[in-house]
Amino acid sequence: MKKISTLYLAISSGIAIAMLIFTLLAPYNYITNIFFICIPIILIPNYFIRRHIKASFREMESIYINECDPQRYLEAFEKSDKYNISTTMSRYFHKIRKADFLCECLKFKEARVILDELLEVESQMNNALLSYYYKVWISYFIEFGHFDRVQVLLEQMQQLPQTSTNDTMHMFCNSMYFSCLAKYNVLTKRDLDNTEKYFASLVNSNAGKAYIVSGMYYLCLIAIEKGEIEKAKRRSKYVYEHGNKMSYVSKIEPILNYLDNYNNSNIEA
């Protein structure tokens, strides 16, 4: 929660309570009328402040989700976090989020420093934070081909939804797990038919552009593995043309070259 929102809520609530007590103790009826006039004036700005904060949050998230610019999102997130009230869980979330987008910006050394720091407090995290934390570790290990470590983390992630305390946390943990599992399956060439359905549903959903780009990247890899070269080419072009500054754009460039060379070698043959 933003500091300014909390501060105004506390002040306005305190004034409202003080006025209510004064009104109950005051002997004159006109005091009551003043109370009913002033209270909305004092409290209504809370609504507009919160609406502005939500709009600012959606605008910030759109930098990555719709504009596919992880570096600018990371900068905006860092700036925004300075104005938030800091709790233990929010500090952990901030560090995990930062490590996540450092990986997305290909700054793996910086991300690793944060991930290592969080090892000391892993036992203090709730299931949702743990799922996100493991997800970032998996993103890191995938980049360096440490699939044995990914498998261990997936086994740990699989247990988290079962011990989650509410439906929202259960759904979030499941979402994190299946997202990581699907990427692992593609890169290790396992269960490709079902994994293709997973990414196809993501691409055809109302998810933001960044998620569609991600889905298209893995669908491209699946198409290559299945020998569906034209389909792979269409998917790789989508990633290249719409991914903007996402890491998938740099990853797709050699794949595009491979697909072009594949077509050329077939023509020559």
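This is a predicted model: local features need pLDDT of at least 70, side-chain atom pairs count only at pLDDT 80 or more; totals for chains, interfaces and linings use all residues.

Trainee: Which side chain does Glu 228 meet in a salt bridge?

Mentor: That of Lys 231, with 3.5 Å from N to O. Lys 231 is partly exposed too, at 29% relative accessibility.

Trainee: What about Arg 235, buried or exposed?

Mentor: Buried, because its relative accessibility is 13% and the cut-off for buried is under 20%. Arg 235 is in helix 11 as well.

Trainee: What does Arg 235 touch, leaving aside neighbours within four places in sequence?

Mentor: Glu 196, Met 216, Leu 219, Cys 220 and Ala 223.

Trainee: Back to charges. How many salt bridges does the structure hold?

Mentor: There are 14. One of them joins the side chains of Glu 61 and Arg 97, at 3.3 Å from N to O. Glu 61 belongs to helix 2 (residues 29–65) and Arg 97 to helix 4, so this pair ties together parts that are 36 residues apart in sequence.

Trainee: Are those two buried or exposed?

Mentor: Glu 61 and Arg 97 are both buried. For contrast, look at Arg 112 and Asp 116, whose side chains form a salt bridge at 3.1 Å, N to O. Arg 112 is partly exposed with a relative accessible area of 27%, and Asp 116 is partly exposed with 32%.

Trainee: Where do Arg 112 and Asp 116 lie?

Mentor: Both are in helix 5 (residues 108–118), four residues apart, which is about one turn of the helix. An α-helix has 3.6 residues a turn, so residues three or four places apart point the same way.

Trainee: Which residues are linked in a network of salt bridges?

Mentor: Glu 67, Asp 69, Arg 72 and Lys 245.

Trainee: Now Glu 104. Which side chain of opposite charge is nearest to Glu 104?

Mentor: Lys 251, but that one is 6.4 Å away.

Trainee: Tell me about Tyr 64, then. Which helix holds Tyr 64?

Mentor: Helix 2. Tyr 64 is buried, with a relative accessible area of 13%. Beyond four places in sequence, its contacts include Asp 69, Tyr 73, Phe 101, Ala 210 and Met 246. Tyr 64 and Met 246 are 182 residues apart in sequence, yet 8.7 Å apart in space, C-alpha to C-alpha.

Trainee: Switching topic to helix 6. How does the span of helix 6 compare with what its residues should give?

Mentor: It agrees: the 17 residues (127–143) should span 24 Å at 1.5 Å a residue, and the end C-alpha atoms are 24 Å apart. Helix 6 is mostly covered, with 15 of its 17 residues buried.

Trainee: What caps the N-terminal end of helix 6?

Mentor: Asn 126 does, with a side-chain oxygen 3.2 Å from the backbone nitrogen of Ala 128. Just after helix 6, Gly 145 takes a positive phi of about 70°.

Trainee: Last one, the whole chain. How many helices and strands are there?

Mentor: 12 helices and zero strands. Of the 269 residues, 41% count as buried. The accessible surface is about 15,600 Å², and carbon and sulfur atoms account for 58% of that. As for contacts with a separation of 6 or more, 58% are between residues 24 or more positions apart.

How values were computed
Residues are numbered from 1 along each chain as its sequence is written. Side-chain values use heavy atoms; hydrogens and water are left out. Buried means under 20% relative accessible area, exposed over 50%, partly exposed in between (1.4 Å probe, protein chains only). Lys and Arg count as positive and Asp and Glu as negative; His and the chain ends are not counted. A salt bridge is a side-chain nitrogen of Lys or Arg within 4 Å of a carboxyl oxygen of Asp or Glu. Helices (H or I, at least four residues) and strands (E, at least two) are DSSP runs, numbered from the N terminus. The expected span of a helix is 1.5 Å times one less than its number of residues. A polar contact is a pair of N or O atoms within 3.5 Å; within protein, one must be able to donate a hydrogen and the other to accept it, and residues adjacent in sequence count only if both atoms are side-chain atoms. Contact means heavy atoms within 4.5 Å. Accessible areas come from the Shrake-Rupley method with a 1.4 Å probe; for residues, only the protein chains shown count as cover.
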